[in-house]
Protein chains: 4
Amino acid sequence: MSEIETIQAYYAASLGKDGRITRTQRQILAAALDLFSEKGYEEVGTREIAERAGVAEGTLFHNFVNKNGILDAIMQPIVKNILPTMLNTLDQAVLDKDSDTLESFVVALVQDRVDFVARNQASLAVILSQFFNNAADRAAVLGMVSPTILAQANQAMDRLKAAGELVDWPNRMILQLVFSTLGGYVVEKVLYPQVDRLTSQQATRYLSDFLVNGLNPRRIPLHVDETSF
Amino acid sequence: MSEIETIQAYYAASLGKDGRITRTQRQILAAALDLFSEKGYEEVGTREIAERAGVAEGTLFHNFVNKNGILDAIMQPIVKNILPTMLNTLDQAVLDKDSDTLESFVVALVQDRVDFVARNQASLAVILSQFFNNAADRAAVLGMVSPTILAQANQAMDRLKAAGELVDWPNRMILQLVFSTLGGYVVEKVLYPQVDRLTSQQATRYLSDFLVNGLNPRRIPLHVDETSF
Amino acid sequence: MSEIETIQAYYAASLGKDGRITRTQRQILAAALDLFSEKGYEEVGTREIAERAGVAEGTLFHNFVNKNGILDAIMQPIVKNILPTMLNTLDQAVLDKDSDTLESFVVALVQDRVDFVARNQASLAVILSQFFNNAADRAAVLGMVSPTILAQANQAMDRLKAAGELVDWPNRMILQLVFSTLGGYVVEKVLYPQVDRLTSQQATRYLSDFLVNGLNPRRIPLHVDETSF
Amino acid sequence: MSEIETIQAYYAASLGKDGRITRTQRQILAAALDLFSEKGYEEVGTREIAERAGVAEGTLFHNFVNKNGILDAIMQPIVKNILPTMLNTLDQAVLDKDSDTLESFVVALVQDRVDFVARNQASLAVILSQFFNNAADRAAVLGMVSPTILAQANQAMDRLKAAGELVDWPNRMILQLVFSTLGGYVVEKVLYPQVDRLTSQQATRYLSDFLVNGLNPRRIPLHVDETSF
DNA sequence: TATGAATGAGATTTCATTCAT
DNA sequence: GATGAATGAAATCTCATTCAT
């Protein structure tokens, strides 16, 4: 991620002619994903990756410009998909005049995220780790939340507030709470992949219900002293 | 943290005679804290730390057994304080028969955490980073949540449920939601220390209120299919 | 030697495919042997070895796990050969009923050792140095004199004594004298490799004759006060 | 030893005013002797010596110019005494017209050496180790065998040969055998100080008798092919 | 395309020695 | 005289990367 360039350049010139990933590349990525998610990027050597992948060390550099290139090849598909998808959801929730309840909004948000997490635990572990460890990677992840997206999100929240569907708090705080709840689920899933108590469906319900109730407009408004703002 | 031993052993034998930290050690720790929180432990070299601290490289090792010893000297005070304090709060909340509302419970939980985070952003950045990057450090942090503590927490939640103060969800899920909400606040504070929109008091109110509403018992119980458990 | 493990592990995974030593490894070992025997193991740096071998410093560690691994690669062939061979000789001298004179016994002992020393002066210099400098290496060398071997040696000496061929002294003392005589020759050869006054054949004769006469049974027994034992 | 300069310079200006060794110096030397003989000079750090001596690290350098100065302070008394004494013995044996038998010569040689070894095991262990590990120290030890001494020794051997008391072998070989026998005893004593089977008196007898018999003139002269000399 | 031996910059750590107190 | 914190050169070793085969 760090020093993002033309994205596919990280797969060297060697993507199968049809642009598809080769068998060797798949082996390397699988080995690297295993190791990175287990020990952290910095702790894994290229020798180790090559060994686990069953290829020579040089082969890594034939297929990916860099050790970092391998990391990017792991992170990109996620970062290029999860956020766009997520944002797309918001987009719909904004445009879709029918989804004008907090619940429909929240469920749309939570729904697919939970499934996604279940399917991509290992990659998410790597991304999570990098997010907290590398300023550049963090910027790359956050950079995908474009201003337009933020504007859309704010628009959606404002509309829900106007409709009396959402508590009247600062949008930034609401966003933080939503992301915390989702993020906490990701962390739990990613750090303890084996402990699988809940189905995706159940998790979705708990998270959604928690958010809906937590963000309902208050009958008796909370007194927050705003004078000090 | 990794390989925790006699705690103070990480400060070499050279703590000031009165057991206090020396000026040199403070310089080193300050420099290291800056750099670690900025670039991540692995990215910082001992040469760099020494330079920023204004001491010779050897001085690092005269004062701390290891590069890792410096990291531990940064993390330990936090890990040895935040969790014990937090757990102490739970303890009281459990014993204090007066605090039998969800609100009193949640407020007790959120209250001091928020202040603490404000005062220790840099150290928390380092701990956060290590938590997601190093299995051993993660274990060290989590290891401090002893079974007794968990038992206490479960006891408190059960009591609140019995009193009709807490939604009837699995304790583990409730805990996850509480920690998510708190953790999200930590992350926000730690990653964007400069953006200070809310006072500690305001933050405490938002978080508490969100949790209280989110975890209130439902009038109409949520239907979660438990048959598949 | 120190911390003996799987023997060939000290050559990294990189022995030529046919299990033979590579050219690079030979260069490194030659350079190291030169330097170690000249200045002693501790006094020689890896940089120095690499320079003399005409390779990069990293290449040392690509081919041998350790600096110590290089030392072991030098010592092992000797230690794994000289003692086994020597002991094998004893074995035969014990079993061979014809060699029932002190002379045949001694000659069998001295014979090949002298040639061996002439051919391996440099390596022996290193081993000698390590033997007196490193308790672990000393143990490794001595450890190869297994109890069975000792038993055999004692058996041989007892038989010779019974046959009136060997002076009736404690076996331990006899062994010490034999090893002293051989060892002294080694030391002389190893410390002054250039001064070559005697052929191997001549040296063998002197040493053998000295031992035979020195260890002949006495006509008039030596009075040693054994009461104080 | 290495780089021998004014001998007493190694005890810094700080010998007690009366030229005697101070208490602190004795502590340091005792600690260093222990450690050097146990682990070898190179393996012992100044920090370690200071700790065991119960003084500060700086104190070492107040009392001895160098780490090497400590080593020399340990070796010198021995090297300055054992060899001179030994040589003195030779001197007497040469001049003393009464000692004209091989036995009296050999006994004079062996006699005190054995006692000396018993009393100075630790120091000898250090000297032995240095002798084989450090060319400079080896030179220092050997350098004390001055040409005059050698001349004297040769003279003594020649006289004994003429008197029909000593086998007619090259003097150099005879010397080697004598030193081997003595050296072997030293090594045995020094490497296994605890195993004390023989009294000094007994050892003296065995060694002397072995040498006398080994070096007796042969009735039937040994045939050594001298043509190749 | 794949290999893997070779590279060398850089990292951490040790350690004898200095010097202000 | 003794101290011990500070020093910084040097040592060993790692590791991503290159390149001839």
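This is a predicted model: local features need pLDDT of at least 70, side-chain atom pairs count only at pLDDT 80 or more; totals for chains, interfaces and linings use all residues.
Colleague: Let's start with one chain. How many helices and strands does chain A have?

Modeller: Chain A has 10 helices and 0 strands. Read from the N terminus, its elements run α-α-α-α-α-α-α-α-α-α. Buried residues make up 49% of the 229 residues in chain A. Contacts tell you about the fold too: among those in chain A with a separation of 6 or more, 69% join residues 24 or more positions apart.

Colleague: Now helix pairs. What describes two packed helices?

Modeller: Two things do: the angle between their axes and the distance between those axes. Take helix α10 (residues 200-215) of chain A and helix α10 (residues 200-215) of chain B: their axes come within 7 Å and cross at roughly 125°. An angle from 65 to 115 degrees would count as roughly perpendicular and one over 145 as roughly antiparallel, so α10(A) is oblique to α10(B). Their crossing is right-handed.

Colleague: Which residues of α10(A) and α10(B) meet there?

Modeller: On the α10(A) side they are A:Phe210, A:Leu211, A:Asn213, A:Gly214 and A:Leu215, and they meet B:Phe210, B:Leu211, B:Asn213, B:Gly214 and B:Leu215 in α10(B). By class, this contact has 6 nonpolar, 4 polar and no charged residues.

Colleague: And how do α10 of chain C and α10 of chain D pack?

Modeller: These two helices, residues 200-215 in each chain, pack at an angle of about 125°, with axes 7 Å apart. They are therefore oblique to each other, and α10(C) passes α10(D) in a right-handed crossing. Residues meeting here include C:Phe210 and C:Leu211 from α10(C), and D:Phe210 and D:Leu211 from α10(D). The contact divides into 6 nonpolar, 4 polar and no charged residues.

Colleague: Let's turn to the cores. Which residues touch the most other members of the largest nonpolar core?

Modeller: That core has 136 residues, and the ones touching the most other members are A:Phe36, A:Ile49, A:Leu215, B:Phe36, B:Ile49 and B:Leu215. Apart from it lies another core of 135 residues, including C:Phe116, C:Leu211, D:Leu60 and D:Ile149.

Colleague: One last residue. Where is C:Ala56, and why is it called partly exposed?

Modeller: You will find C:Ala56 in the loop between α2 (46-53) and α3 (57-63) of chain C.

Methods
Residues are numbered from 1 along each chain as its sequence is written. Chains are lettered from A and ligands numbered from 1 in the order in which they are written. Side-chain values use heavy atoms; hydrogens and water are left out. A nonpolar core is a set of buried Ala, Val, Leu, Ile, Met, Phe, Trp, Tyr and Cys residues joined through side-chain atoms within 4.5 Å. Buried means under 20% relative accessible area, exposed over 50%, partly exposed in between (1.4 Å probe, protein chains only). Axes are lines fitted to C-alpha atoms, for helices over the stretch in contact, and angles run from 0 to 180 degrees between N-to-C directions. Helices (H or I, at least four residues) and strands (E, at least two) are DSSP runs, numbered from the N terminus. Angles under 35 degrees count as roughly parallel, over 145 as roughly antiparallel, 65 to 115 as roughly perpendicular and the rest as oblique. A crossing is left-handed if the near helix is turned anticlockwise from the far one by less than a right angle, and right-handed if clockwise. Contact means heavy atoms within 4.5 Å. Ala, Val, Leu, Ile, Met, Phe, Trp, Tyr, Cys and Pro count as nonpolar, Asp, Glu, Lys and Arg as charged, and the others, Gly among them, as polar.
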